[in-house]
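Let's take a walk through a protein model together, one piece at a time.

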Amino acid sequence: MRPPIASLVLLLLVVAALTVAGLGAIHAERVPSAVLTAEQRIAADTALSVRTSIDVEANTVRRSADTYTPTRTTSAPASALKELTSGRKAVLGGALLDARTGKPLASGGKPVPLAGLDAAELSSAHGPLPPRLVTSEGPARLLYFARVTLPAQAEDANQDQNQADTTERRWLLVVSEALPAVAAHGQGGTARILDAKGDTLGSAAHAAAAPAGTDDGLSASVSRAASASAPDTDASGSLLGATTGDRRTVGGWAQVASATGPGDTDDLGLVVLTSRPVPVQAAAVDYSGFALRAAAALAGLAVLLGLGLYLLVQRPLLRLYLSAGRLARGASENGPAAWAELDRPVPVHGFGELARIGRALESLRGQLRGDSGPQEFPARRTPGYRALAVVGVLLVACWSVPMIFLLNRADTATAVPAPVLSGQQVRTEIAANRVRQSLDESYSALSDVAARLAGQSRGAQSEALRKTLDEHKQYRSLYLLDRSGAITLRVGDSPLRTLVHVPQGGGVTTVNDSGRIPAIAAYAQVRAARGKTPADGVVLFGEIDVKTLNSVLDRPDLGSVWVTDENGKVLAASVGYRAFQALPEPGLSRLARGAQSAPGTVGAATSAVLASSSGPSVDAAAPLAQSGPTAHLGWRVVTAEPAAALRLPAVQAQQRTMLAGILALALGTACLGWLHVVVIRPLRAVARLIEQLAAGDRRTVLHPVNHDEVGSVTRGLELIRQALAERGRAGRSGPTAGLPGPRRENSLQR
């Protein structure tokens, strides 16, 4: 009996203490931590885009070198260099070096800074050659390297055969390119690429940067923070800059390095710094007063419940337990002391079941004394202790329900600060750029392969496609379509679906608009080589694995991310989805339609705080691309981040208030349910049995179920039943049989 009551009081007091600790610790900072976290994630996303651009360029240079096939007219170094770097707008200059001696063999474009390069050492190194950063000669540039091996038979035909070198030639290709451009998003936002010393190598600004965001010493702080981290990790962080008026600069930084192992950018020492001015919150928000009042109310309620249960249940039950034991001793023992126990009346305490048991015990005492016979009890009952448990739950609910549903509710319109909403929109734009970057890379790789297939035999085409499929894991399959739409050559998995009408030109398209898996493909025309037989296939298709897009969308603290087509149907997502389903919330669909009105239009990113079933949600949508092979698609990227995950003061207060209410209601109900199981329900059974016993039922054996106060009362009642049953048997054999000793003697004397 005591454990459930004590646990109820103790646990409610613990919830009261947690309410004070949880709500009292919430304070509104002048710059919310969610704003700092958002800027850190923006910097990390920007750094990822820079790293991806560098990786793509490095792989493109290596792929050009690996697939280079010299001919009689292109085996000379100058011709080979021109072919290796042609068609690439990003190339500033290139050079071919002898891999053994480092001697320059050919150069083109702007001069390539070769000072300090050891061609022999680079050529003998194992694995891919990572790019290098050069800042000493003019603007910062990146040097990309690749090994070029020419077989001996590719020597110039005009060379004297007696002097010809029959060994293979090994060249080192060096390509000079500018640093990838960083994009700045958001009003007054800036983005910079820094080197290991903190010097700015490239920058961008969106709209008019506020004075506080131009130069406030953030670069030096970022340099110190980045130097404390390992250079080959994707470390990131946030920091605060100068204050101008009612606005303060918030900065985020991230290293341009791989998070999954050694990468091309690990040794470059590049750091991305993003910043933007945000309004400073002047109003202080403190929940300590509310927490103290709520905790005091719950503590008072706990004491009230504990005192009520003690006075109405525990103390009457203990007295009843003593009375039952006294009657059991008087019924089962002999002697004046035992007989005297039957002379003391049984006090009736409490109400409900305890009162019924007390009245029945008093009736049994009279029957044991011989003063009365069996007594019937009315069937109509007053409210019992089960009603008391229900009242206890209702009292706890009076405190808990307002905490769960009414108090400290976060307003959808004001709970999310404007900088947090802007940060979600910026990150959505970056996510859209990352998806576009992935699709553009797939299209570029396919275009390069299509250009090499012209005029080749079926076996050479098959080998080229198989090698491309091995190098580019984003493709499920590669296949050639002829003019009638039939597949003439395929490598990889079977296509999910093919187009009936072969498109012209090149780009990215969706092949189906229903089914279990979206079929997304890049395509490029295969031209006929001049003077050679046209290829069997006229269009090369590369079916893109949708899992590749799904993996691109997954970013920390961005929430759920979807890619939708022009009709708002989901093509890819970072969470579970069904292909071509609608967005989960109507508000998201309206937001997506507002980002781009029609395929081919420029569109603009948009964001809003929408109400959802789980509370306020910070949502944004951005068009996938404004130019390039994916601009005509009309696709959009939509994100939804629950405000509960952003650690906003108003949302935290709502969460912790609801948690306190849920805990109090759950623990109070559990303890009162425990009391009902171990005390109230057994009491109801005992009350029913003792009334039957007092009414003359001597056959029903009373078995104690629990080893507690109720069980002790049941054992006492069993002794009383046995004594009454023995008296009944003795009464049938003599008029005075069955009475206690003194009672029998007095009868004989009379």
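Start with a pair of neighbours: β14 and β15 run antiparallel and are joined by six bridges. Strands (E, at least two residues) and helices (H or I, at least four residues) are DSSP runs, numbered from the N terminus, and two strands count as paired if DSSP finds at least two bridges between them. Before going on, note that this is a predicted model, where local features need pLDDT of at least 70, side-chain atom pairs count only at pLDDT 80 or more, and totals for chains, interfaces and linings use all residues. Residues are numbered from 1 along each chain as its sequence is written, and side-chain values use heavy atoms, with hydrogens and water left out.

Now look at Phe541 in β15, the bridge partner of Tyr523. Phe541 is also the bridge partner of Tyr479. β15 pairs with β11 too, again antiparallel and over six bridges. In general, strands of a sheet pair through backbone hydrogen bonds, either parallel or antiparallel.

Zoom out and you get an open sheet of five strands, in the order β12-β11-β15-β14-β13, with antiparallel pairing. At the edges sit β12 (487-492) and β13 (507-510), each pairing on one side only. From one strand to the next, the twist averages 25 degrees; axes here are lines fitted to C-alpha atoms, for helices over the stretch in contact, and angles run from 0 to 180 degrees between N-to-C directions.

Helix α11 (residues 458-471) lies across β11 (475-481), β12 and β15 (539-544), at about 35 degrees to β12; contact means heavy atoms within 4.5 Å.

Finally, visit the surface, where Leu10, Val14, Leu18, Leu659 and Leu663 form a nonpolar patch with about 430 Å² of accessible area together. Such areas come from the Shrake-Rupley method with a 1.4 Å probe, and for residues only the protein chains shown count as cover. Helix α1 (2-24) gives the largest share, three residues. Val14, in helix α1, is partly exposed, with a relative accessible area of 38%.

Methods:
Patch = residues over 30% accessible without salt bridge, like charges linked within 9 Å, V, L, I, M, F, W, Y side chains within 5 Å. Salt bridge = Lys/Arg side-chain N within 4 Å of Asp/Glu carboxyl O. Buried < 20%, exposed > 50% of the residue type's maximum accessible area, 1.4 Å probe, protein only.
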